[in-house]
Amino acid sequence: MKQKIYIFNIIMAAILTVGCTGKDGQNLSDIPDGQVINHSDSLVFAARKTGDFNRVPAVIDSLADAGDFSPIHADNYRCEPYFFLGQTEKSLECLRCATADNNPPAEDFWFYINCGVNLAMLQDGLSDHEGAISTALRFIGELQQVKSPYRANGLKSFYFFLGNAQMNLERHAEAAESFNEAYRWLRLLIENDSTGSLMPGTMLTLDNTAIAYFGIQQPDEAEKWVNREDSLLAIYRQNPKADSTEMEVFRAYILLDRAKICQARGQQDQADRYYAEYTQTDRGKETQGYIFGAHYLMQAHRYADAADVYQQLDHYLGSYGFDYNLEIIGDEMFTKFYANYYAGRKDSALQVAMKIAEVYDSALVMQKRSDAANLATLYDVQGKERQIVEQRAGKRLFTAISIASGILGLLVLAFAVYVFRQWRTTKEKNRILAQQITEAVEYRKSLTSNPSSQGPRSGEFAIHQQGEGNSKSPDYDSRIANLAKPDTGEAVSISDFTMLTDEQLFLCLRDLIENEQLFLQPDFGRQALIDYTGLSKDRIGAAFAQGSDSRSATIEDACLSKNSLPAYVRDLRLDYAVRLMNDQPDLTVELVSQASGFTSADTFTRNFRTKYGMTPTAYRQTK
């Protein structure tokens, strides 16, 4: 959109100052030294300046009917308002009519060249890159016959659009040669321009060349052209007739381009500094400048900032008189949607999607009417036969584009609604699941609680320190002596282990593991319990297999019992981790996993998700 606003005004204003001395096939004295501007041209300039492009064609037609403008002269001016009104084909037809004759009247020669420049630009912009190359080469050949330094302006523009079209066709080496040739003529143009009036168009050419290299992700090449633009701006500042407003505009664009270059290189801090400096310029503070900068914010993944900028999109479009046509929807509305979506503003994204759906039908109708008007113009100019052929082709293309675009719009809207609903549903499910996990853990804690088995207290972070080897602690015998037989209440001693049933031994071992928090040791397992108690592997396995099964009739043991030691220890660690995350929410997942006896955060996360149906991170975010 940046090019759409400036490129016509800059190129046309630049062409007005160009002159020449001659062209083969014409008398050298017949071709004027430049375009002769009279009162009639001033009326067109005044109408264009108002921004009311619906009125401009009527002014041009009235002047042409009065004989003040030749057909080429009039078509030179008509193409611009039709372009801004979205009547692209009508604008193209004006340019084709103006350039149809290879030997125009001498007094119209520079209007003829100007129409050629705009024709190549439009063809390239409409993806007719081969057509743009053909047009550019044709006019380059014609201008090379003109023996005047003033031809440099036209050659500079044609070489630029030639390079841009070659770039779009991925003919990068040819494009580089064309761009360098454009720069050669550009420097010659500046050296012969004492007024400085051609500098804005020249600066825009350099800026657009940099943009072309941004498009193929070659920041080093883009930087070369931005540096050239910066050098020319320094030269322009020395000109006493330099327009200070134009200087500030291009200074702003240079800053924005440098931000893009740094961002492409991964130098995000430097890129953000350039962008911040851009926002402090007069251009950057305008609504138009905000919109231009939004694309950088999207590339830098600053989606929230981009979404804030796009809040002014409607005001921007209204201030320039733009309608919601297919181009605006594709270039700006979808970008606004993605900015809000990736910024997490699902409600705003949904509103944008609904706005797209709302304006899409009217944009299609407007495009259809524009195409119909364009085809009518083609009929008047080139005859009925061509009109029928192009109408059929245009109808098929329009139908295909309409169907594809309509489906795309509906899919985007449906996807936005689906994502929004899924997000809300998932959030609520996670909240309920996290609450259930917390309640279940607290319930199991209450069933097995005693003074020595409490979980971590608020403000504490107790990471168990393992002793050397797997030897018993010094007070092991005294702890065992304090355990009571489940059925008699009598104290249990080491020698009593062999006399206990599987159920009784299971309860003793369970109390030992939980009271002493042996499960917090990363290497704790069956072998560690064997070393700790002196029992055999089979005896411990039987206690957990048979003893836990025989106790499963009660609510308490149904919650706490497992038929294998590893599963039992894993559940104790997970319950401990849940309580730790509730009591100390600032701890990282890595630290929680270490404190709970897991060997790694990955193992902890995998086991947590298997048991509870969500990750530890999701659980903490839901709390």
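**Aromatic pairs**

I searched the whole structure for aromatic pairs and found 27. I counted rings of Phe, Tyr and Trp (its six-membered ring) as paired if their centres lie within 6.5 Å, with planes under 30 degrees apart as stacked, over 60 as edge-to-face and the rest as tilted. I looked up Phe69 and Tyr77: the ring centres are 5.6 Å apart and the planes stand at 50°, so this pair is tilted. Both Phe69 and Tyr77 are buried (under 20% relative accessible area with a 1.4 Å probe, protein chains only; exposed is over 50%, partly exposed in between). I then took Phe109 and Trp110, an edge-to-face pair with 5.0 Å from centre to centre and 75° between the planes. Phe109 and Trp110 are buried as well.

**Basis of the entries**

I am reading a predicted model, in which local features need pLDDT of at least 70, side-chain atom pairs count only at pLDDT 80 or more, and totals for chains, interfaces and linings use all residues. Residues are numbered from 1 along each chain as its sequence is written, and side-chain values use heavy atoms, with hydrogens and water left out.

I noted one aromatic cluster formed by Phe160, Phe161, Phe179, Tyr183, Tyr213 and Trp225. The charged end of Arg228 sits over the ring of Tyr183, 4.0 Å from its centre. The charged end of Arg228 also sits over the ring of Trp225, 4.5 Å from that centre. My criterion was NZ of Lys or CZ of Arg within 6 Å of the ring centre and within 35 degrees of the ring normal.

**Cores**

I listed nonpolar cores, meaning sets of buried Ala, Val, Leu, Ile, Met, Phe, Trp, Tyr and Cys residues joined through side-chain atoms within 4.5 Å. The largest has 116 residues, and Ile113, Leu143, Phe158, Phe179 and Tyr296 have the most contacts inside it. Apart from this core lies another of 43 residues, including Ile437, Leu518, Leu535 and Tyr619.

I took helices (H or I, at least four residues) as DSSP runs numbered from the N terminus. The expected span is 1.5 Å times one less than the number of residues. Helix H8 covers residues 152-168; its 17 residues should span 24 Å, and the end C-alpha atoms are 24 Å apart, which agrees. In H8, 16 of the 17 residues are buried, so the helix is largely enclosed by the rest of the structure. Glu170 follows H8 with a positive phi near 60°.

H10 is mostly covered, with 15 of its 17 residues buried. Just after H10, Gln217 has a positive phi of about 60°.

Technical notes
Helix = DSSP H or I, 4+ residues; strand = E, 2+ residues; numbered from the N terminus.
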